[in-house]
Number of protein chains: 2
Amino acid sequence: MTDGSKNETAGKPGLLLMSSNWESFLDGALDDRFEIVRLWQAEDSQELLAERGHEIVATLTTRMDASLLDKLANLRLIAVPGAGYENVPVEAARKRGITIANAGDTHSADVADHAVALTLSAIHHLPDMQAHVSSGAWRAGRSIGRRHAMSAQRFGIVGLGNIGTAIANRLDAFGGEIAWWGPRDKPASWPRRESLADLARWSTVLIVATRGDTDGLIDADVIDAVGSQGTIVNIARGSVIDEDALIAALTAGRLGGAALDVFAEEPTPSDRWRDVPNVILTPHVAGVSDESMTHLREAAIRNLSTVLDGGAVVNEIG
Amino acid sequence: MTDGSKNETAGKPGLLLMSSNWESFLDGALDDRFEIVRLWQAEDSQELLAERGHEIVATLTTRMDASLLDKLANLRLIAVPGAGYENVPVEAARKRGITIANAGDTHSADVADHAVALTLSAIHHLPDMQAHVSSGAWRAGRSIGRRHAMSAQRFGIVGLGNIGTAIANRLDAFGGEIAWWGPRDKPASWPRRESLADLARWSTVLIVATRGDTDGLIDADVIDAVGSQGTIVNIARGSVIDEDALIAALTAGRLGGAALDVFAEEPTPSDRWRDVPNVILTPHVAGVSDESMTHLREAAIRNLSTVLDGGAVVNEIG
């Protein structure tokens, strides 16, 4: 670093970034306003924080350890570029008067779109249909199984939050029945079933749209309740489903099909799915569109700028 | 045939079937009420009609030559097991007082479902996304292009009949813009563009939902107007699109993608599509679900029975 550049940056407030992803995400937008502190480049991150922690006024992250807060005496804003903030120490930050802002509900629409894309692709057997044309089987006069109509489906939505509601709103126009289950009853346009097991038995398509702490909710019993004629769609989190049980049920024909955007381990090993029939797989992209990424970035930049310029933070949590 | 069975069938009114498909479709349902006259089994169909044409009171078909009518002096009903009756001689039959009944609008919902399935699969790049997971590319850390949000799409529907309207109703919940073009303006919930060329330039997804005589409507100019960032979806008829021009545009990258259920020649040769990028292909199944086939069959049986029992024909064309 030359003396000149050192002078230019001296006195700028610090923005802590913990991975290079977030620097790529900002793409230089705040370089002239903040001193970027790159935690991933430090040989000893504790040393870096001890030396420069007091400079840091803001951070951009989806994940933060509560212990890190103690090292950042002057932190004023945690900008979360997404909807979920379950991995950010909300209570500890609040006690310190640190503002947390997320990106609002920008991605529910994208995730719901993807859930319906997966659902339609599974019900209409699009991969098999494409293979029937591309392999020449159609040309050769071979037959292929007929689908069941969307209007004959019973869509069971697990978790009627923003995403579950957006999915139901999209499916409404297709004429099937819609029901849901979540741990708490609430007013809704669609009937709630008494239990998850009840919903699973009723559903021809079980769509997992839970949030928060629901690890292992869709276990072997729920999978068997959906059954050999049913399909499970997951756009929530991989850990919500017992994935080994899912694979076993698909392989044995005890579950009709699955369409998954999220996995127990990500990226999921391709070998794990090689011999599993009737699966549609996408690489955790449900919430990611060009437009939502632009929106996330703009919201993050706007919120980070308020630390310097004042003005209202958008989508403040709490 | 024994004398006994001959006696049983003697005097039964004749039901003319022109292909074994329709006998499979009926699956014996009317065998005890009609004498089935199997035109495809005749060594000389003209001779068969000359001998037995006067016995025939009804036929089940989607396609009939006007000249055939002259051979069927006592024909009272043409039951069309589908929505389209463009290949049936409606005027000539009407002059003779012959009733024509189709299956009503049973399949618009199925076709619209499939159009939206193809549209979502194309916009969300489901085949590429699945390949990214299955090939191990995701696991290897390789990146994959981001989609554009459904809410950022402009859906252009060519032909706002029952099917086009059903497609628009389904897409409405996804938040994009919708417009349409057809030769005649009419009241609609979505704006009509001035011309097909105008609609094609405006659209990010052009969805072909025409009926009737529209061969070659989607020509090279329309395809180029949709352009390298656009997608064409066809669930109408293969002949509506200049398929050679479509393949050339896809191959040259002048058209972004296509999702097709219908083809210039059906079944389409698989070789024709082998090196064509960004296509989603299904074997002319848009209108075919288990439920719609059951409905078609029941409507046909009910209508054919009215010839014997009286009662009102459903879905009479007139």
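Predicted model: local features only at pLDDT ≥ 70, side-chain atom pairs only at ≥ 80, totals over all residues.
## Ground rules

Local features here need pLDDT of at least 70 and side-chain atom pairs count only at pLDDT 80 or more, while totals for chains, interfaces and linings use all residues. Residues are numbered from 1 along each chain as its sequence is written, chains are lettered from A and ligands numbered from 1 in the order in which they are written, and side-chain values use heavy atoms, with hydrogens and water left out.

## The five-stranded sheet of chain A

Let's start with the open sheet that runs S2-S1-S3-S4-S5 in chain A, with parallel pairing. Strands and helices are DSSP runs numbered from the N terminus (E, at least two residues, for strands; H or I, at least four, for helices), and two strands pair if DSSP finds at least two bridges between them. Strand S2 (35-38) and strand S5 (99-101) of chain A sit at the edges with a single partner strand each, so one side of each has no neighbour in the sheet. From one strand to the next, the twist averages 25°. Strand S4 (residues 77-79) of chain A is joined to S5(A) by three bridges, and Ala79(A) has Ala101(A) as its bridge partner in S5(A).

Helix H3 (residues 45-52) of chain A packs on this sheet, touching strand S1 (14-17), S2 and strand S3 (56-60) of chain A, and its direction makes about 150° with that of S2(A). Contact means heavy atoms within 4.5 Å. Helix H12 (residues 290-309) of chain A lies across S1, S3, S4 and S5 of chain A, at about 170° to S3(A). Axes are lines fitted to C-alpha atoms, for helices over the stretch in contact, and angles run from 0 to 180 degrees between N-to-C directions.

## The six-stranded sheet of chain A

Another open sheet in chain A has the order S7-S6-S8-S9-S10-S11, with parallel pairing. Its edge strands, S7 (177-181) and S11 (279-281) of chain A, each pair on one side only. Here the twist averages 15° from one strand to the next. Five bridges link strand S6 (residues 154-158) of chain A with S7(A), and Gly156(A) stands opposite Ala179(A) in S7(A).

## Helices that cross

Between the chains, helix H6 (residues 108-123) of chain A and H6(B) have axes that come within 9 Å and cross at roughly 120°. H6(A) and H6(B) are therefore oblique to each other; under 35 degrees counts as roughly parallel, over 145 as roughly antiparallel, 65 to 115 as roughly perpendicular and the rest as oblique. Asp113, Val116, Ala117 and Leu120 of chain A in H6(A) meet Asp113, Val116, Ala117 and Leu120 of chain B in H6(B).

Within chain B, helix H6 (residues 108-123) packs against helix H8 (residues 162-171) at about 50°, with the axes 8 Å apart. That makes H6(B) oblique to H8(B). Residues of H6(B) in this contact include Val111(B) and Ala115(B), and those of H8(B) include Ile163(B) and Arg170(B).

Glu266(A) and Pro267(A) are joined by a cis peptide bond, with omega about -10°. Pro267(A) is in the loop between strand S10 (257-260) and S11 of chain A. In chain B, the peptide bond from Glu266(B) to Pro267(B) is cis, with omega near -5°.

Asp27(B) has a positive phi near 50° in a residue other than glycine, and lies in the loop between helix H2 (20-26) and strand S2 (35-38) of chain B.
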